[in-house]
Amino acid sequence: ELSKLDSKWLGRWKNLPLGTSINPRKLAQPTKGKKFIVPMFPYPSGVLHMGHLRVYTISDVLSRFFRMRGYDVVHPMGWDAFGLPAENAAIERKIDPATWTKSNIAKMKSQMASMLADFDWEREVTTCDPEYYKWTQKLFLLMHEHGLAYKKKAEINWDPIDQTVLANEQVDAQGRSWRSGALVEKKSLEQWFLGITKFAPELKADLDILEEWPSEVKTMQTNWIGESNGTTVTFLFNEQSQKSANSQSITTFTTRVDTLFSVQYVALALDHEITKEVAEGDHNLRSFIRDQKLTEQEDSKAGFQIKGLYVINPIDPDLPKIPVFVAPYVISGYGEGAVMGCPAHDERDFEFWRQNMGGNAPIMRSVEPLEGTQEEGPYTGKEGVLNTNAGKFSGLTTKEALKAMQSQLVATNLGTPTTKYKIRDWLISRQRYWGAPIPIVYCDDCGTVPVPDEQLPVLLPKVDALVGKNGSALSNIPEFVNCECPSCGGHAKRDTDTMDTFMDSSWYLFRYADAKNRNAIFDKEKANSLLPVDMYIGGVEHAILHLLYTRFVSKFLSSTGEWTNKEFNGEPIRRLVTQGMVHGKTYVNPDNKRFLKPDEVDLTGPQPVVKETGKIASITFEKMSKSKYNGADPEECILKYGADSTRGHILFQAPVTDVLDWDETKIVGIQRWLRKVLTLAETIGNSKSAPELDLGKLNAAETNLFNTVQNTIVSVTNSFSKTLTLNTVISDYMKLTNKLVEDGQNSEISGIVLRYSFLELIRLMAPVTPSAAEEAYEIYCGASHLEWTSILQADWPVPAPLIGTNTHDYKVMINGKFRFSHSAEKTLGKDDLITKVIESANGRKYVGDKTIKNVIVKKDAIVIIVK
Ligand code: ANZ
Ligand code: ZN
């Protein structure tokens, strides 16, 4: 039985020379260079879900393929083991998160074995292991050394449910936490940041060399990085303005310097330096700021004019003086935290102007559309021509004006071409227990002191049980907090925050190269020869956070010479494969659209029926969730059908990047196919055969089979190595299997050709269905009295040139139905051809001794009409 094959073969493989417990390796040394194939490592929740099953099936199939092909494949696995779920579970169950995590890892490892995923366990990494996080801390210190890790007081995103700070990336567009879903609050705290913005230009530019990344992922990263090319423009205070103590001008950032003649106000962010200074002496402004911060209206166009403060238009000092406002719509962290307001050409500025100056306030237009006119509201098109309001620039197109005006500003020292980025530095401090402690000590005498290398790791103190969500757990453990200053030996205190777990996963790909190194983060040569990753497979939900951090850290490590990778600019991942989600079969009550529980549906008939009403339930496929009763458990499925059928099914149901509708009932199709293969092993193994395949002597039918085998090899190889159309691989297997079943009945095809073809088939199958391929091979060997050696140790088939076909493939139609195809020499006369077709195995099957009324031979087809 198919489900029994796994345990049989797992037992046998273990005892083979060169066997891992799951996959016997090729006997010959790999010769084709390395392939580093990595599925994104999981969070050790304790249960393997369908998404895991899908991603590890894909990566496992690919690594088995490349191994057979002669590559030195590295296919590692690890555990993204720090983080909140473990901490919360530990609080709930009153156990040490380390214990909980460890037992989860053990469970998941055995589930991975049961799906026959062949990982290089000698490279295993676990981010909560001190031997790993020691180096996460080292990475932090390296960044600190290079001025990339710094502390600053910041308005941070505070998750009131999880009681921790979140990175910008972890807050969604609705202002909710990615984890808890809570509405995020603002708080002001001293936090550690990593300087990802220093790498923004490279992170943006090098998206261009990531040719094998999905374009939607690159687009998301482009938007996140948010490169914007524009000009910083300086507006000097006018003569009558009260001079501020610290400034005499306001700098703004604009992408439309060509609209300078339309500037009617300048607006400052709520915490711009000048705003703060003015607020000190103006309680009205102070209460305006307080109100705005409290209400925090997303699209507020409120404004507060600073009395007596005017600035001069830098393009022409004779233009009217410009008032200055404080406005919440100006983002303090972007550009210069100040905007030159152009009501005539910008939607937001237009609204602001109307709201603060009244609906009839005059508007100063300086750009007109290239054709026609703008009747109402602002003209926001980038293409246009400057009108007579634009002085000596009148008549220029916006493009020309932008250049000319920029040049004048540069010449008068009032402007500079500038590129700005929307991405912010990465906030990594977390007030949680279950993470890598930040390796920093605070000493009254020496200040902020990095923990020296020889004192790493800063160990997480053991806790018997975590009690409650009290924010920063480490600050409540005096033995942890109090320490000796590494610099002066005096009394000092440790930083009590842990690092964002995205920091742990930002560099694990490198640790795979040298997982057991006790003296360094990793050996440079080992990293140089293993990275970049050849194929990185995982969910598209990591398009921004994890993948951007990984690129940043990789580029940083390359910039410090920790590894070198000049040809690929320090990029860590060559090809990114984003697999689609797995959706579950969901039954819906047609009357009230409610999801039906398993015991509310009768599945015994041809259609699912709502037990209560007797009506037919509708079926949809939805994201698996408890509330929809549509979950499926990989472990159960493997137990019931065997790993091979489950793997085959998951690949066959959808192209890798598409959503996969998991419908267990369809697995029988895969099982039917595998049973056919096992039956073929017996019959073909038993067939008598000549000693060698003599290609010169193949008849038409044999040539056809031979060529089909070659085409299948080419197609499957291509799917694995180039297109990753793994669903068509399964249909290729099925087609060749069916042809072998058919040709096995054909007396014209000699045993040797069948045997040859069958062996190619099972070699092609080995990466996807290792136990079934192995079983088939054993049966085959038994039937033909051969000594068995593992088929998994075989080389990958190499396609032979097609045999020049003086044969032709005819489709045979009987009474209007296509029944089979028959290949015959092109030179065969019509009557001989008809005789051969009718006397072939298929002919006998379909025509038998029925009377033939008529036969027509067309170019491609033979049409037979019987009574
Ligand atoms: C004048 C202007 C006229 C603008 C016009 C646009 C259209 P991106 O492309 O996103 O970089 N801006 C600059 N800093 C800002 C801040 N801190 N908060 C809010 N808005 C800010 O957008 C650049 C444009 O956004 C800039 O160009 C500026 O408005 C505004 F017809 O300057 B513009
Ligand atoms: Zn000190």
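Strands β29, β26 and β30 form an open sheet of three strands, in the order β29-β26-β30, and their pairing is mixed. The edge strands, each pairing on one side only, are β29 (618-623) and β30 (660-662). From one strand to the next, the twist averages 45°. The model is predicted.

**Pairing within the sheet**

- Strand β26 covers residues 582-588 and pairs with β30 in the parallel sense.
- Three bridges make up this pairing of β26 and β30.
- Val582 has Leu660, in β30, as its bridge partner.

**Domains**

- The protein chain is divided into domain 1 (31-127 + 505-579), domain 2 (136-195 + 425-502), domain 3 (227-421), domain 4 (582-653 + 655-662), domain 5 (665-789) and domain 6 (807-866).
- Domain 1, for example, consists of the segments 31-127 and 505-579, while domain 3 is given as 227-421.
- The centres of domain 2 and domain 5, taken over C-alpha atoms, are separated by 59 Å.

**The whole chain**

- The protein chain has 25 helices and 34 strands in its secondary structure.
- Taken along the principal axes, a box of roughly 110 × 75 × 65 Å is filled by the C-alpha atoms of the protein chain.
- Of the 867 residues in the protein chain, 42% are buried.
- Consider the contacts in the protein chain between residues at least 6 apart in sequence: 71% of them join residues at least 24 apart.

How values were computed. Residues are numbered from 1 along each chain as its sequence is written. Chains are lettered from A and ligands numbered from 1 in the order in which they are written. This is a predicted model: local features need pLDDT of at least 70, side-chain atom pairs count only at pLDDT 80 or more; totals for chains, interfaces and linings use all residues. Two strands pair if DSSP finds at least two bridges between them. Helices (H or I, at least four residues) and strands (E, at least two) are DSSP runs, numbered from the N terminus. Axes are lines fitted to C-alpha atoms, for helices over the stretch in contact, and angles run from 0 to 180 degrees between N-to-C directions. Domain bounds come from an automatic or database domain assignment. A residue is buried if 20 or more other C-beta atoms lie within 10 Å of its own, exposed if 12 or fewer, and partly exposed in between; C-beta atoms are placed from the backbone. Two residues are in contact if their C-beta atoms, placed from the backbone, lie within 7 Å.
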